[in-house]
Amino acid sequence: MRWLRWWGDADDDAAPATEPTADQVDDPEQIRRRIVDAEHFVNQHASRLPASAVVKARWLTDTLREILDTSATRPLDIHAVLLVRNTVEDFLPTTLRSYLTLEASMRDRPAPVPELLEQLDLLQEAASNILVAVRGQDRDALATQGNFLRTKFSGSDLDLS
């Protein structure tokens with residue numbers, strides 16, 4: 001299973017059979033599969049994570065999916081693609097793995113939990129900001145189209161009468 005390699009559960013030195021092209025790496029469907037893999041990872045380790053961290057991680061994956069869903073109407077901005085891809089491939093798994101690698105006695109202490117939650121909050125804030133920006137682009141595109149149509153069908157801007 002390829003997703004195991006992303007989450008560090010497989011041999012990290014193993015090279016993929018074929019290197020993906022840039023288009024495949026940034027393909028929303030490929031990224032969507034990685035989000036599903038991340039959700040599986042969170043679910044699989046939910047018993048070892050604080051409940052609030054599970055909720056925050058799943059909220060984050062839901063937000064990432066919402067960002068990808070906007071690609072149905074227009075190509076995603078490079079910043080959105082990079083944030084989603086890097087979050088699901090690196091930032092989220094690294095955050096969760098860092099917590100999970102603590103000894104059980106350390107995870108039970110109060111200090112690591114707020115740190116984990118803060119990191120998840122930072123990731124969520126970044127994803128939410130991108131989602132707002134992407135939705136804003138959709139509103140801007142609608143307004144631009146409306147201005148064009150008003151100009152086109154309400155008469156000439158040069159009409160002096």
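Predicted model: local features only at pLDDT ≥ 70, side-chain atom pairs only at ≥ 80, totals over all residues.
The protein chain holds 7 helices and 0 strands, so that, read from the N terminus, its elements run α-α-α-α-α-α-α. Of its 161 residues, 33% are buried, while the accessible surface of the chain comes to about 10,000 Å², with 56% of that area belonging to carbon and sulfur atoms. Among the contacts with a separation of 6 or more, 71% are between residues 24 or more positions apart.

Two packed helices are described by the angle between their axes and the distance between the axes. For helix 3 and helix 4 the angle is about 170 degrees, and the axes are 10 Å apart; because an angle over 145 degrees counts as roughly antiparallel, the two helices are described as roughly antiparallel to each other. On the side of helix 3, the residues that take part are Pro28, Ile31, Arg32, Ile35, Val36, Ala38, Glu39, Val42 and Asn43, and these meet Val54, Ala57, Arg58, Thr61, Asp62, Leu64, Arg65, Leu68 and Asp69 in helix 4. Sorted by kind, the residues of this contact divide into 10 nonpolar, 2 polar and 6 charged.

In soluble globular proteins, nonpolar side chains tend to be buried together. Here the largest nonpolar core has 31 residues, of which Leu64, Ile67 and Leu96 touch the most other members. Helix 3 (28-44), helix 4, helix 5 (78-100) and helix 7 (112-153) each supply at least two residues of this core, and the largest share, 9 residues, comes from helix 5. If residues up to four places away in sequence are not counted, Ile67 touches Leu76, Ala80, Leu83, Val84, Ala127, Ile130 and Leu131.

Finally, is threonine 95 buried or exposed? Threonine 95, which has its place in helix 5, counts as buried because its relative accessibility is 10%, and the cut-off for buried is under 20%. Leaving aside neighbours within four places in sequence, threonine 95 is in contact with Leu116, Gln119, Leu120 and Leu123. Valine 55, whose place is in helix 4 (residues 51-69), is by contrast exposed, with a relative accessible area of 58%. The C-alpha atoms of valine 55 and leucine 120 are separated by 10.0 Å, although these two residues are 65 residues apart along the chain.

Note on methods
Residues numbered from 1 in each chain as written. Heavy atoms only, no water. Helix = DSSP H or I, 4+ residues; strand = E, 2+ residues; numbered from the N terminus. Buried < 20%, exposed > 50% of the residue type's maximum accessible area, 1.4 Å probe, protein only. Contact = heavy atoms within 4.5 Å. Areas by Shrake-Rupley, 256 points an atom, 1.4 Å probe, with all protein chains shown as cover. Core = buried A, V, L, I, M, F, W, Y, C linked by side-chain atoms within 4.5 Å. Axes fitted to C-alpha atoms, helices over the stretch in contact; angles between N-to-C directions. Parallel < 35°, antiparallel > 145°, perpendicular 65-115°, else oblique. Nonpolar A, V, L, I, M, F, W, Y, C, P; charged D, E, K, R; others polar.
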